Amino acid sequence: MRTADGDARNASADLILRGGVVHSLCAGGEEATAIAVRDGRVARIGDDRAMRELTGPSTTVVDLGGRAVLPGVNDAHLHATWLGALWPDTLFGGHAGPGPGPQRPLLDAAQRRRAILRAGDLLASLGITSYTEPGLGPGEDEGATGAFGTSVVGEYRALAAEGLLRARVTVLSLYGELDGPSDLEHFLAGLAATDATTSDPRWLRFAGVKIFADGIPPMKSAYTHHCYTDGVRPELLVAGADDTEREANLTRMILAAHRLGLQVGVHATGDRAIDVMLDAIEQARREHDVDLGHYVIHGDLVTVPQLRRMAALGVGLDTQPEIALRTHPLVDAALGEGTATAAWPLRAVLDAGVPLCLTSDAPVLSPDWRRQIAAADAWMGPAADPRRRMDRLLRCYTVEPARQDRAASWKGTLAAGMAADLCVLETDPYSVAPAELPDVGVELTVVDGRIVYERGAAGAVGAIEAAQTPGTTGMSETVEAAEIA
């Protein structure tokens, strides 16, 4: 819409939120009290008075009443289709370690579609406006869950084309089994057959590939330089005749993807697996020095020297602090007392300048990002400046995931021209301790300028409240289980 003189700068906004606090998370950005949205983008941020000239007869105006606006939350490692099938159950549940998930396989296209949509409703109720499905592809076409094969990719394509996605989705392709083996031949064949085209990459984007290098320390399957207490000697999950060949094949996979301009996310929890990955990326950057946003997934046993290498190579880290809190006794039991103390070195990650995304790995854990921020703060210990700590951790769910998505130019912060993806909290998160954040309710979620969730609203948009997961209290309610079949 344009004014009579053709100047669109003062055209009426579609949506204005005013009377609160707006945290843009832009570098050097100042707090504001209002934000205006037009055509799916931020039109202006400022004080309430600055919004008057943008208010027209068709503008929806929301009185924030002191509530806080943040950029939309981006969970950079979340299995949404599987989450939609299992919720409200998670693999951890109320236990210290992960266990087998409930058997609720998705047997046909209709069930997979319902699972994706159900997850979308749940995530909207948590203020999540973007997420990454980290591993979908032919290696799981015969998988027991039905939540990771190429048929799921087809459902995402269909939902995106129909405009029915409730959040922006990034996909990593998987050419092996979930948490299982892969081989170089099938990996290279998968790369050759990859179709990354999409109707709108801002809603559905195929970014690259996921590779499972190893397992996890509590299961004694992390590929590590450490000795397990019972003498177990794990191998890489990548096929090969011996350790040397397996490491060489993992290197070849990473190099092949890099040469094609594809981002690589490597599930690597052991320090030896991380060494192999970093050596491969260093070789890839020597051949073709371009930063594709490669990253380590989980990185439980990452070391400080490795963090320095990661920072120099532009390699990021996606990790789940709640797993550290829950499993550290299991890590000590597997690798020796005191091992967990040096694991998940979040302070060192931030100090080294490694791009860090906090993630849920849902449905391994609850998708509630507030819990991960609280867990990160608890694992890191007392902060000299709690407000600065909160700011850094919030950026790990907004700014940094946008960077990982190669989308920092248009999402992850709030400024004029950026995507109008917003999360409104009932209390300013900078006014509470991270331990209190899980009790702060999500009031409103906006994606592409559209309200997709409003707490307490009737109908489809407000039907699902944010989950009250174990150990939390507050205004949020439990999401009731729904039949997928």
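Mentor: Glu426 is partly exposed, at 21% relative accessibility, where buried means under 20% relative accessible area, exposed over 50%, and partly exposed in between (1.4 Å probe, protein chains only). This is a predicted model, in which local features need pLDDT of at least 70 and side-chain atom pairs count only at pLDDT 80 or more, while totals for chains, interfaces and linings use all residues. Residues are numbered from 1 along each chain as its sequence is written, and side-chain values use heavy atoms, leaving out hydrogens and water.

The partner of Glu426 is Arg455, in a salt bridge whose closest N and O atoms are 3.3 Å apart. The two lie 29 residues apart, Glu426 in the loop between β14 (422-425) and β15 (442-447) and Arg455 in the segment after β16 (450-454); strands (E, at least two residues) and helices (H or I, at least four) are DSSP runs, numbered from the N terminus. Arg455 is buried, at 15%.

A salt bridge here is a side-chain nitrogen of Lys or Arg within 4 Å of a carboxyl oxygen of Asp or Glu, and the structure holds 28 of them. Another one joins Arg113 and Glu155, at 3.4 Å between the closest N and O atoms. Arg113 belongs to helix α2 (residues 109-125) and Glu155 to helix α3 (residues 150-161), so the pair ties together parts 42 residues apart in sequence. Arg113 is partly exposed at 23%, whereas Glu155 is buried at 13%.
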